[in-house]
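Hello,

Here is the structure I promised to pass on to you. Please have a look at it first, and then read my notes below.

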Amino acid sequence: MSRIPGWLLRHRITILPYLGDSAYGPKYGPPQPGVRCLLDDQTRLVRAADGREVTSTSTAYCLPGTTCPAGSRVTLPSGRQTTVIAALARDGGGLPTPDHVEVQLT
């Protein structure tokens, strides 16, 4: 398995993992500060887990194993808070490709 090179992970984000809904609204787990990633601020159209087409304003490329379910809150280095549309494991299945987790953000 080949992981995304560490020298590409120039940014740090904070993830509040979405745990589900409670009687008082969304429930989040403890913050995960300092998650290393490569942040790409590019607007593009992506498909959410429920099939809707949603506009993504940023994408974070993180190390394999990063936990960031849809609905999680993410604080970017600029201080802007976003919500996770989808987190996709990109695994080359043994091919020499940089395995990573692609986190699509609103």
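Is Ala70 buried, partly exposed or exposed? Ala70 is partly exposed, with a relative accessible area of 35%; here buried means under 20% relative accessible area, exposed over 50%, and partly exposed in between, with a 1.4 Å probe and protein chains only.

Before the rest, a word on the source: this is a predicted model, in which local features need pLDDT of at least 70 and side-chain atom pairs count only at pLDDT 80 or more, while totals for chains, interfaces and linings use all residues. Residues are numbered from 1 along each chain as its sequence is written, and side-chain values use heavy atoms, with hydrogens and water left out.

Back to Ala70, which sits in the loop between strand S8 (58–62) and strand S9 (73–75). Leaving aside residues up to four places away in sequence, Ala70 touches Tyr18, Val84 and Ile85, where a contact means heavy atoms within 4.5 Å. Ala49 is 21 residues from Ala70 along the chain, and their C-alpha atoms are separated by 7.9 Å.

Tyr18 belongs to strand S3 (residues 18–22) and Tyr28 to strand S4 (residues 25–28), 10 residues apart. Both tyrosines are partly exposed: Tyr18 has a relative accessible area of 25%, and Tyr28 has 23%.

Now the chain as a whole. You will find 0 helices and 11 strands; these are DSSP runs numbered from the N terminus, with helices (H or I) of at least four residues and strands (E) of at least two. The radius of gyration is 14 Å, close to the 13 Å that the globule rule gives for 106 residues, so the chain is as compact as a globular protein of that length. That radius is taken over C-alpha atoms, and the rule is 2.2 Å times the number of residues to the power 0.38. The C-alpha trace spans about 45 × 30 × 25 Å along its principal axes. Buried residues make up 33% of the 106 residues. Of the contacts with a separation of 6 or more, 50% come from residues 24 or more positions apart.

Best wishes
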